[in-house]
Structures are given as C-alpha cells and as structure tokens.
Amino acid sequence: MSIRLENITQQRLEKLERMRARGVLPYPARYHRSHTIEEVGNGIEPQREVDPSAPLLSLAGRITARRDMGKAAFIDIWDGSGRIQTYFRRDDLGENKYCVLDDFDIGDFLGVEGHLFKTRTGEITLRVSDFTMLSKSLQPLPEKWHGLSDVEKRFRARYLDLISNPEVREIFVVRSRVIAAMRRFLDGRGFIEVDTPILQSSAGGAAAVPFCTHHNALDQDLYLRIATELYLKRLIVGGFDKVYEIGRIFRNEGISTRHNPEFTSLESYEAYADYQDVMRMMEEMICYIAQEVLNTTEVQLGDMVLNLSPPWPRVSLREAIIERCGIDFEEYPDADLLRTRMLDLGMHFDTGKGRGKLIDELISTFVEPSLIQPTFVLDYPVDLSPLAKQKPDKPHLVERFECFAGGMEIANAFSELNDPLEQRERFRQQLEQHKAGDKEAELPDEDFLLALEHGMPPTGGLGVGIDRLVMLLTNQQSIREVILFPQLKTKE
C-alpha cells in the first residue's frame with residue numbers, strides 16, 4: 001500500500017473513532033428502506049417545493065459525490081439501481097446532527113429519510129430530515145470512481161470494477177437473464193433440471209485434463225468434473241427422458257481470451273432424439289434467449305452483426321476443412337500421412353498427436369476462426385468422438401455437430417452412443433492413447449458402462465458454453481469480461 005493510501009486509511013479510521021465517540025454506530029445491523037432509487041425515479045413525480053404531507057421516504061446507498069455550500073450540502077448516493085441527489089441543511093438537522101457530515105467520505109453507505117422535491121434545474125432530490133450511517137468505508141474508491149480502467153485491477157477487485165463501471169454490472173445482469181431464459185426454454189419443453197456430482201472418482205465425458213484432490217475420510221483421490229455427461233446419461237438409463245444441468249466445469253488447461261480453468265456449461269439429454277433434433281432445439285433456444293433478454297435476434301460483436309434467427313447454416317466438417325485448407329482428411333486414414341501433409345502447410349503442433357487430435361488442429365486453425373455467423377459443422381471422425389454414435393451409412397464418422405459463432409465454438413452435441421460393447425471398445429482405445437501420453441484421452445468409467453449395459457434409449461445430447469454465449473450476446477472479446485471472478489495468478 002502506498003504512503004498516500006495509508007494516510008487516507010488512517011484519516012478514515014480517525015473519523016470512525018470520532019463517530020463512535022459521538023455515539024454513532026458506524027456499522028448497524030439493519031436498515032429498512034421504503035424504495036430503491038430506481039423506484040423513486042420511475043414512480044414518484046415530486047413538486048418544485050417540498051410537500052410535508054407527502055409520504056416520508058427512506059433510501060439507502062453508497063456516497064459517490066459531495067458538494068458543500070455553506071450551511072448545506074448536496075450528497076449523491078447510489079444503490080445499484082440508480083443515483084439520486086440528497087440535500088442536507090443544518091437548519092433541518094440541527095448543529096449536532098449536521099456536524100456528523102464532517103466524517104462522511106466517498107464510499108460510505110448511508111441511509112436517508114426525507115421528502116422529494118425538484119431543484120431549479122429539474123433534478124429530483126431528497127431533502128433529508130434524518131440519516132443513518134450504515135457502513136463506514138476505510139478504503140478510498142479508485143480515482144475518478146466512475147473510471148477504473150486498470151484491467152488486472154478490475155479482475156482482481158471485481159467489486160471496484162462493478163462500482164466504477166456501470167456497463168460491467170450490466171454485463172452480469174444480462175448473464176443472469178440469459179441463464180434464466182435458458183431455464184424457461186428447457187422447462188417449457190418438459191426438461192427437468194438436476195444436479196450431478198462435482199467430485200468424481202473418474203473424470204469423464206470430455207477430452208480434458210482434470211484437477212485432482214484427496215478425500216481424507218475415504219482416503220481416496222477424487223477429480224473435479226470435466227463434464228456432466230456420464231452422470232446425466234445414467235439418468236436417461238434410469239427413466240428420465242429429458243434432463244439438463246447448468247453448472248460449473250473444471251479443466252486443467254491453459255488460460256486465454258476464450259478459456260478459463262472453471263467455466264459454466266449447460267448439458268441437456270433427450271431420449272428418443274438425435275443430433276438433428278438437438279440442432280433444431282439449439283438454434284431455437286439461442287434465438288429465444290436473445291429475444292427474451294435483448295429484444296432482438298441481431299447482436300453486435302465487434303464490427304460484425306450476428307443474425308441469430310434460425311435456421312442456421314449446416315456444413316459437413318469434411319467440406320469445411322477442404323474449403324479452407326485443401327486437406328481431405330478421408331484421404332489420410334493414417335496419422336503419419338496426415339501429419340506430414342499438415343507440416344507441409346507450415347503448421348506448428350505437437351507431432352505426437354494422434355489422427356483425431358490432428359483433425360482437431362485443422363478445425364481450430366482453419367475452420368473455427370472463419371465461422372462468424374452461427375453455423376453447425378457436422379459429422380466428425382469417430383476417432384475424435386469416443387462417446388458419439390456412428391453414422392449408419394458412414395461408420396468412420398459419427399453423428400456429431402459443433403456450433404460456431406463469432407469465430408469460436410459455443411456448443412457441442414451428438415447422437416449418444418448407447419451400445420455398451422462399442423463404448424467399452426472406444427474406452428479401451430482411449431486408454432491406449434492415454435498410456436501413449438495423451439493426458440486428455442477418455443478413461444474407462446466402469447460404473448457408467450454398467451449403467452449402459454442396462455439399456456439406454458436413443459438419445460440426443462447437447463453441451464453449451466454459457467460464458468462464450470454471454471460473450472456473443474454482450475459484445476465481449478474476452479471470457480474474463482463475463483466471469484465475475486476469473487482465474488488469476490496469485491500475487492506474492
């Protein structure tokens with residue numbers, strides 16, 4: 001802490017002690033307000049002069065500005081819903097009460113009672129007849145409290161970011177409404193919301209490296225989930241036809257503008273549906289959310305306008321890769337041949353990757369960045385999708401789609417593999433890849449396989465990255481802007 005900040009904190013501590021010496025409680029247990037500031041602004045039309053017969057109002061909020069004028073002071077307070085000017089007069093409050101204002105600082109929380117009136121400039125103002133200190137702030141708000149711009153400080157001290165930048169607060173209001181609209185859509189289609197374990201004995205359902213922890217009582221290593229898939233499909237086996245979960249996922253991966261080690265996802269599973277059914281539901285759901293939350297199906301992302309109205313374009317993965325780099329992966333059934341062809345294009349990647357991961361490199365390098373408008377990319381190689389059902393007419397491919405928009409993946413879905421013998425063989429192949437050094441390979445989950453052996457109907461599954469969806473709907477280029485507390489390296 002700088003010497004200047006230490007001095008400010010010391011001054012505020014001295015004011016705190018003066019308040020206590022006067023018998024003022026600087027941190028009372030409760031305060032009941034009659035209205036929010038937004039409600040006052042929208043629902044009450046004050047007169048030019050104070051009307052003593054009007055209802056007495058009680059408001060509360062943080063002090064954000066102060067202007068002293070001799071025996072009076074104007075103090076702005078903000079409660080999260082809006083700002084209002086309050087007017088303190090020595091003649092109204094009395095000398096002893098009014099002198100407490102000397103110990104007010106920007107950042108303090110204050111409760112005020114009084115009547116509304118309009119100033120000569122037409123500003124709605126509360127003439128204060130009584131006030132209560134609610135919380136004394138010992139630290140100053142950032143300089144020019146309405147303009148905190150240090151990016152790292154914004155993320156490390158998100159509370160200051162929310163105070164200083166109203167547009168940031170609006171992003172998270174939108175995020176909350178997006179999730180609420182998503183729930184309404186799915187609930188309206190007969191889905192039920194469920195909870196599945198975060199701590200799992202075997203982390204499966206995705207190609208990712210898990211975080212590991214240890215449970216002392218069980219003396220057992222457990223993993224933070226990397227997906228909710230395998231547990232949700234157990235519920236389909238158990239007789240729930242439509243289930244979904246919105247929750248936190250944890251993956252021990254790099255951090256970027258599109259990746260955070262913990263993120264929020266939706267996964268839904270519907271019995272007697274396939275990936276074509278899921279595709280239609282996905283585009284209808286996103287359109288519904290945009291209309292409900294933003295009242296439009298066209299959203300700005302940088303200098304682009306995305307049209308979310310269905311139907312969205314469908315393109316096969318094979319066609320998309322051929323169009324953008326000239327490689328037809330079906331001509332390269334061997335990983336070594338495909339690797340050599342990719343090196344000829346000047347690509348840089350881990351040369352130990354298998355064929356599936358090499359194709360994934362082609363997707364992320366050539367296909368993903370070029371898909372700006374919402375687009376479904378269909379039919380992936382079986383060696384890239386160990387949990388998806390094969391296409392009947394093309395068994396080397398699976399019925400899978402990824403949805404891209406704004407140059408990034410926002411959803412992944414497939415017709416779920418429900419053949420327990422085929423699933424066991426896929427897991428065996430993944431285990432071999434894991435032993436060969438692929439830390440992201442799917443490991444066998446015997447409990448899930450046992451559930452599958454009891455029979456699972458044809459099922460369509462969907463996973464949506466909620467953080468990335470919110471990025472699209474709020475015109476943000478970094479995932480950190482839509483996660484309240486993104487992961488940062490701890491300061492010394």
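## Aromatic contacts in the predicted model

Phe-401 has a relative accessible area of 0% and is therefore buried. This is a value from a predicted model. Phe-376 likewise counts as buried, because its relative accessibility is 0%; the cut-off for burial is under 20%.

A search of the whole structure gives eight aromatic pairs. A pair of aromatic rings is described by the distance of the centres and the angle of the planes. Two of the pairs are set out below.

| Ring pair | Distance between centres | Angle between planes | Geometry |
|---|---|---|---|
| Phe-88 and Phe-104 | 6.4 Å | 75° | edge-to-face |
| Phe-376 and Phe-401 | 5.0 Å | 75° | edge-to-face |

The pair of Phe-88 and Phe-104 links distant parts of the chain, 16 residues apart. Phe-88 belongs to strand E3 (residues 83-89), while Phe-104 is in the loop between helix H4 (95-98) and strand E4 (109-118). Phe-88 and Phe-104 are both buried.

For the other pair in the table, Phe-376 is part of strand E15 (residues 375-381) and Phe-401 is part of strand E17 (residues 394-405), so the contact ties together parts that lie 25 residues apart in sequence.

Elsewhere, Phe-74, Tyr-87 and Phe-117 are linked into a cluster by ring pairs.

Charged side chains also meet aromatic rings. The charged end of Arg-234 sits over the ring of Tyr-231, at 4.2 Å from the ring centre. Arg-400 lies over the face of Tyr-380, with a distance of 4.5 Å to the ring centre.

Methods
Residues numbered from 1 in each chain as written. Predicted model: local features only at pLDDT ≥ 70, side-chain atom pairs only at ≥ 80, totals over all residues. Heavy atoms only, no water. Phe/Tyr/Trp six-rings, centres within 6.5 Å; stacked < 30°, edge-to-face > 60°. Helix = DSSP H or I, 4+ residues; strand = E, 2+ residues; numbered from the N terminus. Buried < 20%, exposed > 50% of the residue type's maximum accessible area, 1.4 Å probe, protein only. Lys NZ or Arg CZ within 6 Å of the ring centre and 35° of its normal.
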